[in-house]
Amino acid sequence: MRKKLLNQTEQSVFLHALQEMLVRSREADGSLGLLVIRLDDLDRINTSFGYEAGNTLLATFAGQLQGLARKSDRVIRIGTRKFVLLLTEVMNQEHVILAANKIIRTANKPFTLDGRTLTTPVTIGIAICPEHAETAESLLQSAEIALESARREESPYFLYSDSDADDTDLLGMENELDDALENGQVEMYYQPKIRIRDLKPCGAEALMRWTSPMRGFVPPDVFIDLADKTGRIQPLTWFALNTALRQASEWPDIWGALSVSVNVTPNIVDDADLVDLVKNAISMWDTQPDRLVIEVTEGALMTNPEKSFKILKGLRSHGVQISIDDFGTGYSSLSYFKNIPANELKIDKAFVMNMFDDKADEQIVRSVIELAHIFDLGVVAEGVENQATVDLLSELKCDSIQGYYFSRPLPQRDFVAWLENYEPGHPVKG
Ligand code: C2E
Ligand code: CA
Ligand code: CA
């Protein structure tokens, strides 16, 4: 595990020193510029080339930054992938922007590492004292808010403006997410998937849980969506994939080799690295490729069908199974089925849970099952909460089911206990 350069005490020492510099600068009627610089590719380099390469990148970048700073400026690393450059004796805004541009140009110059040519793309948030903030803490926060705006706008740098302050709440969550993995706040839970023919478990879906020390439990649809939109989804997905394969290899053999399903977001299914990373994870955990199921929503595929179909085909050619999640919500046309690179469709739980109240929903479930079978695809129904739903889905010839009736998603240890205690036909609720 990498060591952060600043722990809690060091961070407050830094803020204290910064505060002193602010006071001195105010006395001299001067301005200070604070740049928070984020190394955007650190996670990718760590995952693709190892932590050694990541550390070399950090050291190279720290050296470059020192080289650009003047004697009175300060360079400090403040988080796993962030540096602060404090510019003293700032004449005007342009002076700070010029510095930001120099850093970006330097970072974009290719360098060689173990025979590979790499660059270190960065994003920079800028705040100026006294214009934007007068205390050390609020100056740092303003620069962090500007950094988030830059990332959202996909701009290399951003100067703080008051209107960005509305984003503080979301910013807090984005920042916390950055360190959630390293601080062990993220876990995978497992929900069993039951084969309807004999009511035996045939697999499990891995679902992510984040418990933030500040906010408590944050629903996955909230933080995953945020992570996907702000360029933070890759490390979370690799964590999900590796944890799920490792923990699945520890499940007892009572019900045979269970499959494990991992969810991926629209940005991941468009990511050409996905095939290699999945291949590496499979070989690292010595998993049979067909035990891994990648779940991708129907909606995600429709954003860029050509590219994502190609990536899914790449996965399938390595034996990995593909499941189309939340099926029925994406308005696919019939012709879509012909080419769909999948093994399984997962009917969205909204239809399943509403089958008894709304004839149209029952009809949708019935048609998806029939159509899927014509095209040789398996069908999973999620959101099964009672025996009546099990009976109806069995009559409709659905292949497998998932839902609170059998178990809620459980942490590894409880899931193993569930597997040991489960009796087909007598659901044990989690
Ligand atoms: P999803 O992939 O459609 O997952 C199914 C959701 O339905 C899960 O919610 C599950 O706990 C819930 N569920 C299962 N059975 C029942 C039931 O019988 N009744 C009801 N009411 N709900 C049921 P969860 O865990 O809160 O996850 C929400 C969404 O967050 C997921 O929807 C998925 O889109 C996303 N997500 C969760 N974990 C991951 C992950 O590791 N990676 C990615 N990319 N997305 C994830
Ligand atoms: Ca899913
Ligand atoms: Ca779903």
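Predicted model: local features only at pLDDT ≥ 70, side-chain atom pairs only at ≥ 80, totals over all residues.
Reader: What share of the residues is buried?
Author: Of the 430 residues in the chain, 50% are buried. As for the surface, the chain exposes about 20200 Å², and carbon and sulfur atoms supply 50% of that area.

Reader: OK, on to ligand 1. Which residues come nearest?
Author: Met208, Arg209, Lys349, Glu385 and Tyr404, out of 23 residues around ligand 1.

Reader: Which side chains have an N or O atom by an oxygen atom of the ligand, starting with the 2.8 Å one?
Author: That one is Arg209, with a side-chain N or O atom 2.8 Å from an oxygen atom of ligand 1. Asn263 has a polar side-chain atom 3.2 Å from a ligand 1 oxygen. For Asp326, the distance from a side-chain N or O atom to an oxygen of ligand 1 is 3.3 Å.

Reader: How much of ligand 1's accessible area does the protein cover?
Author: On its own ligand 1 has 800 Å² of accessible area, and the protein covers 86% of that.

Reader: Which elements give two or more residues to the shell?
Author: The strands β8 (186-195), β9 (201-212), β11 (259-264) and β13 (321-327) do, along with the helices α7 (220-229) and α14 (349-353). The largest share is from β9, with four residues.

Reader: What's the shell like by class?
Author: Ten residues are nonpolar, five are polar and eight are charged.

Reader: Now the metals. What coordinates the calcium ion that's ligand 2?
Author: Glu205 (OE), Asn263 (OD1), Glu295 (OE) and Asp325 (OD), at 2.2 to 2.3 Å. Along the chain those donors follow the spacing E-x57-N-x31-E-x29-D.

Reader: Where do Asn263 and Glu295 lie?
Author: Asn263 is in strand β11 and Glu295 in strand β12 (residues 292-297), so the pair ties together parts that are 32 residues apart in sequence.

Reader: Is Glu295 buried or exposed?
Author: Glu295 is buried, at a relative accessible area of 2%. Asn263, at 29% relative accessibility, counts as partly exposed.

Reader: What does Glu295 touch, leaving out residues up to four places away?
Author: Glu295 touches Glu205, Asn263 and Asp325, among others. The list also includes Ser261, Val262, Val264, Ser323 and Lys346.

Reader: How far apart are the two calcium ions, and which residue coordinates both?
Author: The calcium ions, ligand 2 and ligand 3, are 4.2 Å apart, and Asp325 coordinates both.

Reader: Where do Asp326 and Glu382 lie?
Author: Asp326 lies in strand β13, while Glu382 is in the loop between β15 (378-381) and α16 (387-395), so the pair ties together parts 56 residues apart in sequence.

Reader: Glu382, buried or exposed?
Author: Glu382 counts as buried, at 10% relative accessibility, because the cut-off for buried is under 20%. Asp326 is partly exposed, with a relative accessible area of 23%.

Reader: What is Lys109 in contact with, neighbours within four places aside?
Author: Leu118 and Thr119.

Reader: And how far is the C-alpha atom of Lys109 from that of Asp357?
Author: The two C-alpha atoms are separated by 62 Å, and the residues are 248 apart along the chain.

Key
Residues numbered from 1 in each chain as written. Chains lettered and ligands numbered in written order. Heavy atoms only, no water. Near = heavy atom within 4 Å. Polar contact = N/O pair within 3.5 Å; in protein donor to acceptor, adjacent residues only side chain to side chain. Areas by Shrake-Rupley, 256 points an atom, 1.4 Å probe, with all protein chains shown as cover. Nonpolar A, V, L, I, M, F, W, Y, C, P; charged D, E, K, R; others polar. Buried < 20%, exposed > 50% of the residue type's maximum accessible area, 1.4 Å probe, protein only. Donors = N, O, S within 2.8 Å, 3.2 Å for Na, K, Ca; no water. Contact = heavy atoms within 4.5 Å.
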